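Please read the following note with the model open beside you.

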Amino acid sequence: MDTPLSIYVLVDALGWEVVRNRRFLDDILPDRRWLTTILGYSSGAIPTLLSGRMPSQHGHWNLIYLDPERSPFRWTRALAPLPRPLVENRVARRVLKSAARRLSGYSGYFSLYDYPVAHLPYFDLTEKRDIYQPGGLDCPSLFDAFCGGGVRYECYTYHGHTDAQILEAAPQRAAVTDARVLFLYLSGLDAELHWHIHDPEHVKRTVDWYEAGLRRVWEAATRARSDVRMFVFSDHGMTPIRWTCDLRRDVATLGLSVPGDYLPAYDSTMARFWVWNDRARRVLSEFLAEHPCGQLMTPAELQRLGVAFEDGRYYHLLFLLKPGMLLCPSDMGAVRFAGMHGYHPSEPTADAVLLASVAVDRGVDHITGVHDVLLEDAGLRQGARRQDPIPVAPVGGA
Ligand SMILES: [Zn+2]
């Protein structure tokens with residue numbers, strides 16, 4: 001076949017720390033670099049990859065944000081008079097989740113994690129639509145660009161497929177498709193690393209499995225056609241956990257009331273607070289400024305990190321834990337994970353990667369840069385330089 005094919009693979013949590021000291025498709029993808037990620041989770045980082053913009057610009061950051069007027073959980077206020085054990089159990093939460101999902105009509109990633117049912121009516125979910133479709137974000141994404149530019153693409157994600165299914169189907173599609181782009185989102189490595197980052201053997205087996213799967217995609221594509229390019233990139237890395245911190249217990253000693261004085265959201269690596277009066281703001285700020293587990297982020301730094309939001313929907317006060325410190329238990333769960341992400345982007349284990357079969361501009365050093373690299377590759381953007389294949393270093397060389 002002489003139609004070119006570009007294979008774009010987003011591997012969730014494939015950190016630079018995981019690939020830097022091992023062979024991971026080195027022979028196929030000789031252009032390799034780390035990318036600084038954003039402060040936040042995949043819910044903010046993937047829209048950043050897809051749009052080339054920072055969270056404060058594309059609007060997607062953490063999973064939930066304050067919006068009592070439009071909350072898809074408004075109706076759960078009726079449950080407030082019920083005794084807590086009746087609504088705060090696994091079965092009730094599952095029923096509530098499926099009802100809320102149906103009623104909201106949201107088609108994106110839908111999870112309540114462990115956010116207290118009593119707090120849900122204050123919150124709306126960030127991801128209302130499938131972000132891997134055109135129109136998935138409130139700003140143009142890669143998929144809008146493909147559509148607008150007449151670039152035919154096929155996209156395989158966790159919407160309907162496991163990673164094993166994607167890596168099974170992709171080589172076949174790579175051989176026969178007449179699409180210009182094959183986009184794969186592999187989400188399973190993230191979970192493996194959350195549980196097993198401390199176990200090098202397990203990490204090796206898992207990463208080997210992804211490497212072998214992607215190699216099959218490459219080989220099937222290059223057997224069938226002459227012009228194939230591949231870009232493997234990620235949203236963030238994974239930081240090994242060394243300590244936990246029960247921040248909620250500490251905050252509960254301050255004598256402030258929830259939700260009268262403030263409303264908290266305890267994510268895995270950060271605590272977000274919405275404060276309703278000066279006293280709550282002062283007491284919480286003084287307490288957090290002195291807390292040894294992390295830092296109360298200043299508005300200037302949040303601005304610099306591209307996660308400042310004028311309307312305060314994601315937080316009024318943001319406390320970020322030190323790398324390696326897990327907020328546990330949190331509203332994401334009580335599991336003491338082996339690894340977590342969502343720390344300060346300056347933490348080396350937070351770094352994402354960009355691995356490419358062709359040379360990429362050395363200036364690309366942040367996950368915001370991936371968007372333009374891919375658009376240029378797909379012929380949708382004028383690049384600064386032509387992409388030449390780079391010679392492959394002999395395996396085992398210095
Ligand atoms: Zn994760």
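1. Which residues touch the most other members of the largest nonpolar core? Of the 49 residues in that core, they are Leu39, Trp61, Phe183 and Phe233; a nonpolar core here is a set of buried Ala, Val, Leu, Ile, Met, Phe, Trp, Tyr and Cys residues joined through side-chain atoms within 4.5 Å, and buried means under 20% relative accessible area, with a 1.4 Å probe and protein chains only. Domain 1 (5-57 + 130-240 + 346-377) and domain 3 (242-336) both contribute residues, so the core lies between them; the domain bounds come from an automatic or database domain assignment.

2. Please keep in mind that this is a predicted model, in which local features need pLDDT of at least 70 and side-chain atom pairs count only at pLDDT 80 or more, while totals for chains, interfaces and linings use all residues. Residues are numbered from 1 along each chain as its sequence is written, and side-chain values use heavy atoms, with hydrogens and water left out.

3. His341 sits in the loop between strand E15 (339-340) and strand E16 (352-356), where strands are DSSP runs of E of at least two residues and helices are runs of H or I of at least four, numbered from the N terminus. His341 is buried, with a relative accessible area of 8%, and the side chain of His341 makes polar contacts with the side chains of His194 (3.1 Å) and His236 (3.4 Å). A polar contact is a pair of N or O atoms within 3.5 Å; within protein, one must be able to donate a hydrogen and the other to accept it, and residues adjacent in sequence count only if both atoms are side-chain atoms.

4. His194, found in helix H8 (residues 188-196), also counts as buried, at 9% relative accessibility. The side chain of His194 reaches the backbone oxygen of Gly339 at 2.9 Å.

5. In helix H7, please look at Ala170, where a kink of about 30° lies shortly before the proline Pro171; the bend is the angle between axes fitted to the seven residues ending there and the seven starting there. Both Ala170 and Pro171 are among the buried residues of H7, and the buried residues of H7 pack against elements including H8 and helix H9 (200-224).

Technical notes
Buried < 20%, exposed > 50% of the residue type's maximum accessible area, 1.4 Å probe, protein only. Contact = heavy atoms within 4.5 Å.
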